Amino acid sequence: MHTASRSLPALAEAPAHRSRADEVYEQLKRDVSEFKLVPGDRFTETEISERLGVSRTPVRQALFRLQHEGFVEVLFRSGWRVLPFDFNQFEELYDLRMVLETTAAHRLCEDALKVNPALLDDLAAIWLVSPEQRSSDTVQVAQWDEAFHCALVAAAGNAEMARVHRDVTERIRVIRRLDFTKQPRIDATYEEHAKILKAIQRRRGDQAALLLRAHIQASQAEVRKITLHQVHLARQLGQAMR
């Protein structure tokens, strides 16, 4: 298994002070992205507070934040429920992601003064490797895939673009993780990322943007095929591995 010699930057900067509600919020978002909580699951504030060892106040604050972001809904007198996937919203988020990343690809090939070459070098250390050096760890590859796309946008030197892109990444994470339960998609991701990086290294902006567009559209097509059955299978697989 390949282990990169360099670690990529975090997808988002950690705040200087994290409240207990912040910690509960992050944990519940991880529970959703790791399929510990799946669409349709019901739970109470008491159940969450007992599982996480915190009082109900930070749990409630975290849940209202997640409700505002469209992850959960409150049920009258019966706790909370994880909302079904909104596939129309996912379509729109993928379209936005495509605009941001293809724009970044052009900037990486044209605006050398603002480009951060160290981020591109870190990506090359992970993705431009021989097949026998590739990781087969689906969780790791999923994390590296997120970091690849965020680092491409960050390397282009526009902080506001990078901020919006990180937000999109957060909102589609659970769907993208399902893509990496299948080995063929992992292999394809290595191949496609390598081609994108090589095009950027050669300053071929149009080619890099076309490759990125095709890469994102392939993921978008997989999203349209996702069923609730697949989500529950992913949860069973995760439970078996723990």
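The structure is a predicted model.

The protein chain contains 10 helices and three strands. Of the 242 residues in the protein chain, 46% are buried. The accessible surface amounts to about 12,700 Å², and carbon and sulfur atoms contribute 50% of that area. Among contacts with a separation of 6 or more, 77% link residues 24 or more positions apart.

Helix H6 spans residues 138-155 and helix H8 spans residues 183-201; their axes come within 11 Å and cross at roughly 25°. An angle under 35 degrees counts as roughly parallel, and H6 and H8 are therefore roughly parallel to each other. Their crossing is left-handed. On the H6 side, the contact involves Thr 138, Val 141, Trp 144, Asp 145, Phe 148, His 149 and Leu 152, while H8 brings Ile 186, Thr 189, Tyr 190, His 193, Ile 196, Leu 197 and Ile 200. By residue class, this contact between H6 and H8 holds nine nonpolar, four polar and one charged.

His 215 lies in helix H9, which covers residues 205-224. With a relative accessibility of 2%, His 215 counts as buried, because buried means under 20%. Leaving aside residues up to four places away in sequence, His 215 touches Asp 145, His 149, Thr 189, Glu 192, His 193 and Ile 196. Of these, Asp 145 and His 149 belong to the H6 side of the contact with H8, and Thr 189, His 193 and Ile 196 to the H8 side.

Helix H9 also packs against helix H4, residues 87-110; the axes of H4 and H9 come within 8 Å and cross at roughly 165°. Angles over 145 degrees count as roughly antiparallel, so H4 and H9 are roughly antiparallel to each other. The crossing of H4 and H9 is right-handed. From H4, the contact draws on Phe 87, Phe 90, Glu 91, Tyr 94, Asp 95, Arg 97, Met 98, Glu 101, Thr 102, Ala 105, His 106 and Cys 109; from H9, the partners are Gly 205, Asp 206, Ala 208, Ala 209, Leu 212, Arg 213, Ile 216, Gln 217, Ser 219, Gln 220, Val 223 and Arg 224. These residues of H4 and H9 divide into 11 nonpolar, six polar and seven charged.

Two loop residues round out the picture. Phe 35 sits in the loop between helix H1 (20-33) and strand S1 (42-43). Its phi is near 65°, a positive value in a residue other than glycine. Phe 35 is buried, with a relative accessible area of 7%. Arg 203, in the loop between H8 and H9, likewise has a positive phi, near 60°, and is a residue other than glycine. Arg 203 is partly exposed, at a relative accessible area of 49%.

Val 139 counts as partly exposed, with a relative accessibility of 44%.

Key: Residues numbered from 1 in each chain as written. Predicted model: local features only at pLDDT ≥ 70, side-chain atom pairs only at ≥ 80, totals over all residues. Heavy atoms only, no water. Helix = DSSP H or I, 4+ residues; strand = E, 2+ residues; numbered from the N terminus. Buried < 20%, exposed > 50% of the residue type's maximum accessible area, 1.4 Å probe, protein only. Contact = heavy atoms within 4.5 Å. Areas by Shrake-Rupley, 256 points an atom, 1.4 Å probe, with all protein chains shown as cover. Axes fitted to C-alpha atoms, helices over the stretch in contact; angles between N-to-C directions. Parallel < 35°, antiparallel > 145°, perpendicular 65-115°, else oblique. Left-handed = near helix turned anticlockwise from the far one by under 90°. Nonpolar A, V, L, I, M, F, W, Y, C, P; charged D, E, K, R; others polar.
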